[in-house]
Amino acid sequence: MKKTLAIILAISLLAALFAFPASAAEKTVYINGSAADGGDGTKAKPYKDLVTAMNNLPDGGTVILLGDSLLEAVADASGPTIVKLPETKGTVKVKSEGDNVYKLDMPAAKAGHQLLLNGNLDIDQVEFMTLTVYGRIFLRGYDFTCGSKVVTNGIHYILFGDMSEVVEAKSDCQVVTLNGGLFAYLIFGSNNKGSGINTNAKLILNNSVETEVDGVKTMTKAVGNAITTAVYGETKGDFTVVLQNAYVPVVSKRWLGNYTGNYNLYVGPNAKVDAYKDFMGAEQQTTFSGEFNVTYVDCDPAKGADGNEISHVDAKVSKMSGADYEAKFKDGLLYKAPASEDKPSDKPTSVPTGDPIAIVAVMAVISLAGAVVVKKVR
C-alpha cells in the first residue's frame with residue numbers, strides 16, 4: 001500500500017513539474033505595413049505597426065517584420081509625428097524575417113519626427129527612420145541596442161533623457177550599444193531647460209567599418225558630429241563611453257546644460273577621436289562638476305595632422321593596458337574576456353539547476369523513488 005502511494009505521489013509531482021516549466025517561451029509577434037486591418041500578430045495575420053505589436057508584448061518579446069512597416073500608423077501624417085512606444089517590462093527585440101532588411105519608419109518623410117521609448121529596445125536588420133530628417137530618439141532612461149545590420153540616414157539625435165520631463169534611473173546603469181547605424185549626435189542629457197536626467201549611463205560604440213581603397217585605409221564615422229552631455233537642463237550621473245571600432249569626430253564635455261558627474265572615456269586601439277571640445281564654455285554660464293577622464297587602452301593619445309598630441313580640453317589623460325582594463329571591468333568590451341578554466345563541478349551531476357519549483361519537484365521524485373527501492377530491499 002505504501003509503495004503504491006509513493007508511486008502515485010511521485011507521478012503527481014512529475015505532472016506538476018511539466019505543468020510549470022522552468023521558463024515560459026518568449027512571445028513572438030509579426031508586423032507588416034501592408035497587412036490588412038484586424039491582424040492578430042500571427043505570421044498569417046500580422047499587425048500593421050510596431051506600437052500595436054508592443055501593446056501585445058507587455059513583458060517583452062520579439063517583433064519580426066515581414067515587410068516594410070511603420071512605427072505607428074497615425075491618422076494624420078501631415079506634420080511631425082511623436083510616437084511613444086508602449087510600456088514594456090522586458091526587452092523588445094525587433095528584426096526583419098530571415099536575411100531581409102525591411103524599413104521601420106515614420107508614416108511620412110518629414111523633419112522633426114520624435115520617437116520616445118517606454119522600455120528597453122533592441123533592433124537589428126532594419127532600415128530605421130530613414131524617412132525622417134533631423135529626428136530625435138528619446139531613450140528616457142531605457143537601454144537601446146542597434147545591431148550590426150541596422151541602416152540609418154545619419155542625421156538623427158539620440159538623447160538618453162526625455163523631451164520635457166526629468167528622467168530618473170530605471171536601473172543601476174542605462175546601457176546604449178551601437179554596433180550599427182549612424183547618428184548625428186549622441187547626447188547624455190535631455191531636450192529642454194525644464195527637463196533633465198538622473199542616472200548612470202554607458203555608451204558602447206562599435207559601429208565603424210574600416211575600408212581600403214588603393215592601399216589607403218579609412219574608417220567610417222561612428223557618429224556624424226559629436227558625443228556630448230547636457231544639451232539642456234540638468235544632467236546628473238556618471239557617463240562612461242567605450243570606443244571599440246569607432247571613429248568619433250568630436251567628444252564634447254557639455255553643451256547648453258549643467259552636468260554633474262564623472263565623464264569617463266575609454267579609447268581602444270581600433271578607435272579614433274579627432275577633437276575634444278567644450279561646446280559651450282563659461283560665457284554660457286553652464287557648469288561641469290566632476291572629472292573628465294580620457295583613458296587610452298593599449299594605444300597612445302590621439303595626434304593631429306602635425307603629429308603632435310591633440311588638445312584634450314582639461315581632461316585627465318592616462319593610458320591603460322588591455323589586461324588592466326579587463327581586470328577592472330570584466331565586460332569583454334574592448335578585449336575578449338579570457339576563457340574560464342574547465343574545473344570539475346563541486347555539485348553532483350544528478351542535481352538539476354534552474355527553476356526552484358522544478359528542482360524541488362525533481363528532488364522529491366528522486367527521494368520518493370529511493371524510498372520505494374529501500375522498502376523493496378527490506
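I began with Thr 88, which counts as buried because its relative accessibility is 6% (buried means under 20% relative accessible area with a 1.4 Å probe, protein chains only). This is a predicted model, in which local features need pLDDT of at least 70, side-chain atom pairs count only at pLDDT 80 or more, and totals for chains, interfaces and linings use all residues. Residues are numbered from 1 along each chain as its sequence is written, and side-chain values use heavy atoms, with hydrogens and water left out.

I placed Thr 88 in the loop between strand E4 (82-84) and strand E5 (92-96), strands being DSSP runs of E with at least two residues and helices runs of H or I with at least four, numbered from the N terminus. Leaving aside neighbours within four places in sequence, I found Thr 88 in contact with Met 54, Leu 57, Pro 58, Gly 60, Asn 118, Gly 119 and Asn 120 (contact means heavy atoms within 4.5 Å).

I then looked up the open sheet, where three strands run in the order E3-E6-E9 with parallel pairing (two strands pair if DSSP finds at least two bridges between them). Strand E3 (69-70) and strand E9 (126-128) stand at the edges with a single partner strand each, so one side of each has no neighbour in the sheet. Strand E6 (residues 102-105) pairs with E9 over three bridges, and Leu 104 stands opposite Phe 128 in E9.

Terms used:
Buried < 20%, exposed > 50% of the residue type's maximum accessible area, 1.4 Å probe, protein only.
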